[in-house]
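Hello,

Here is the structure I promised to pass on. Have a look at it first, and my notes follow below.

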Amino acid sequence: MPEVLFTKSAFKIATHCPTQAYYYRNSKGKNLEYENQSATDEFLKSMAEGGFQVGELAKIYGEVPPENDLEGCFGYDEPLKRTRELFEQENVNIAEAAFRFGDCFVRADVVKKKGDFIDLIEVKAKSWDPNNPFVNTPTRGANAGKNVVNSGIRDYLYDVAFQKWVVENALKIDYPNKTFTVRAYLMMADKSKVNTIPRLNSLFRIKKSVGSDGEKRAHAEVAPEAIEILKNPHEHVLTPFYVDDECKLIIEGKTAEQADVLGMPFVPFIEEKSKWFVNNEKHYCLLGSKCFKCPFQLSEEGKAKGLKSGYEECWRNTADFKDEDFEKPSIKELWGSFLGSKKNKWVQERKYFLSDITEGDLPLQAGTRPESGLDHCERKWLQIRNTLSGATEPVILKDELRAEMEKWKFPLHMIDFETTNSALPYFEGQRPYEQVAFQFSHHVIYEDGRIEHKGQFLETRPGYFPNFDFVRELRKQLCKDEGSVFRYATHENTILNAIRVQLMASKEKDKDELIEFIESITYEKGNDKAGIPSREGDRNMIDLCEVVKRFYWHPIMKGSNSIKQVLPAILNSGTYLQEKYGKPIYGSEIKSCNYTAESPLTLIVKNESGEVQNPYKALPQLKEIQDELIGEIAAQGLWSKEELEQYVQSASADEMDADEDTRINNGGLPLVLFRSFQALAPKVDWEKAITAANPSKDAIKYNALRKGLLKYCELDTMSMVLIWEYFNNVIKE
C-alpha cells in the first residue's frame, strides 16, 4: 500500500476533529470508502477556485520563475528531491516546495531562500484588516492576561505554524551543518488596500481539465498579458503579513486557547494525530454540536454508490445509536437562532433528541418580542411539541398573519439579488471582497390578485462595473408607486447598504438621488459607541423570512426557514396552489420576462409518490437552452444543427463549460459564471456576437448561460410570490 503522510489538509481537519481526519483519508481516490459532501458543494468549489487565483498572483509577487514552480510534481519523493536540488542555490524562490519531517509532509505555497534565511509564505484567499491583531490578551475571563489567538484567523495561523514547525525540523535533518532561520508569513487580501488594476480578477482565469482519474478539476491560468500589467506600479491588494512571532507562541504552546481547541499543546497534538493518520487509526472524539455539520454524512447518491457515513459511525460508537435513533427528531433539527452554545451543552449531557429537552433547558424567556406572532423561544417550542406529537399539518397564526398582511400596501414588489465578491477584485477602485451586484428579479402582485414578472436586470459585460446601474434600474422599477417591497432574509438589505457606501465615495452625477432611494427602502443598525443612530427608510423592505418565522411552521421545514425549505412546505399544503400552477400558465396567463405563451412553464409537477416536485427542478437544463440557441442559428440556413453542436463542443475547457446536463439551481453557480463572463474579451458585444456567418462558440455559451441565470433568478422572486399567495389564500379561509 502506498505511503500516506500527514499533510496540511489532514492537519487542518484534525484540529477540528481527529475522527474526521480518518474519514478524510478514506474518502479519496483508491481509498474511497466514506462520502465527503464538502467535495461536491458548489459554493465551496467556488471559494476554492478563488484560492487558485490568489495562489497564482502570489507566485508572481514572490518572483517564482516557472521552472521553480513544483505544482506539477506529484507524490512525495519527486517534489522533495526537486526542492533539495533547488536549495543548493544560495538564493532561490520556489512555489510548492516540499518538506518532510517524520510522518509530516507540507507543500509550502511560496518559499524564498536568501542565504540562510527562509521566508515561508502561506497564501490564503482570506481578507484581513491590518489594524486587527492576530493575538489578543483578554482582560477578563478564564484567559485574562494570557495570549489568545484571534478566532477569526486561528485556522490560518495554526496552518502556517504547522508548516514552520515541519520546515524547521526538516532543514535540521537535511542540512545538519547549517543553521537556517525560518520566518513565517500569511499572504492575504488586505482590506485596507484599494485595487488599482482594471479587471485584476480576470488576469487569472479558471480553467478545467480532466485528470488521469477521469475527474474534472479546476485550476487558475495566468493570462498572457498579466505579467506585463503587474510590472507597472500598482497597489498590492495581496499582502504578506509577518506572523512569525505568533507562530512561535503557538509552537511553544503559549497560546491559551490550545487546551480547548486541541485538547493539548500544539506539538504533542501534531505528534499524536500524525501517528493516528499515517497508521490509519480511527479514534472517536467527544461529540458536540459541531458534529451536526460533519461533511461525512451520506446522501442518497452516496448510498447508491455503496459509500459509508462517518457521521453515523461516530454516533453509533460514541452515543450507542441504533438505526431507529437516526430516525428520531434530533436537536440537530431544532431551529438554531439564539441557541448559541446550548446545543453543545445538551450533547455533552447526552440530550440528543427533541424529546430530551425540558423548559429548564430552553426557558420561555421574557424579552424583546415582535409586535405580533411568535418570538424565538415560542417558535422553537412550537417545533418541539408539534414534531413530538407527530403533527403533519402546518401551524398558521391566521388572525395575527391577517393583521400583519393588512399593513402591506399594494402593489407588492418581490425582489431578489444575485451578487458576488472576490479576494482579487473584478474592478479598479474596489477593495478585496467588496460586493458586486450583477442581477435582480422583480415580481409585482396587484391588489386584484394579478401577478406579473415586472422586470429584471443582468449585467455581465466584461469589465463593466454594474452596481450603480443596478440601483438605477431597481429605482426605476420600484419608484412608480409606493407599494410595499419585500426581500427574503437580510441579503438584499446588506447589499444595498454596501452600494450606498460605494456611491458616497463616487463621482456619479445622480448619486444623491440613488442614495436617497437606497435609504428609503433599507435599514441600518446604529453604533452606540460611535454615536451613530439607527436608520430606517419609510419604505423599508419587509423581510418575508421574518414573516414566516413569526406566523408559520410546517413539519417539512423542521428547523429551517430557508426559502428552499419553505417552498416545498407551502406547495404540499392544500390544493389551491397545486391546482393553479399544475397547469402551464406561467408565461401565458402570468406575464414573464423569460417564458412566453408559446412555451409556458408548469411550475408544479408531482412525482410518482404524489408529492410536489421542487420547482427549481422545472428549470431547463443548460444543454436545453444551448440547443435552443443552436436551433435558432441553424434556422438561418448556413449551418446544420449537427455541425453547430460539434463546433460548440470543440471549445476549450474553462468555466463556461459548466456541465451542460445541469441546471442553474444553486447559489454557487451564478458566482462562478459571473467570474467566467468577466474573463471574456471586453471589446466584444457578447449579447450580439451570434450570427449565422460567425457563430462564436463563446457567444453561444455566454448567451445560453445568461438565459439560465435569468430563469433561475426569476424563480427566486416567483417563489416569494407563491409564499404570499399561499398566505393570502389561507387567511381568507
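**What I found**

All ten of the ten residues of strand β12 (residues 436-445) are buried, so the strand is largely enclosed by the rest of the structure. Buried here means under 20% relative accessible area, exposed over 50%, and partly exposed in between (1.4 Å probe, protein chains only). Helices (H or I, at least four residues) and strands (E, at least two) are DSSP runs, numbered from the N terminus.

A word on the source: this is a predicted model, where local features need pLDDT of at least 70, side-chain atom pairs count only at pLDDT 80 or more, and totals for chains, interfaces and linings use all residues. Residues are numbered from 1 along each chain as its sequence is written, and side-chain values use heavy atoms, with hydrogens and water left out.

Back to β12: strand β11 (residues 412-420) pairs with β12 in the antiparallel sense over nine bridges; two strands pair if DSSP finds at least two bridges between them. Thr419 has Ala437 of β12 as its bridge partner. Strand β13 (residues 451-458) also runs antiparallel to β12, joined by seven bridges, and His442 stands opposite Gly455 in β13. β12 and β13 form a hairpin with five residues between them, and Gly449 in the turn has a positive phi of about 95 degrees.

There are also 51 salt bridges in the whole structure, each a side-chain nitrogen of Lys or Arg within 4 Å of a carboxyl oxygen of Asp or Glu. One of them joins Asp481 and Arg539 (3.4 Å, N to O). These two residues are 58 residues apart and link distant parts of the chain; Arg539 counts as buried, at 10% relative accessibility.

Best wishes
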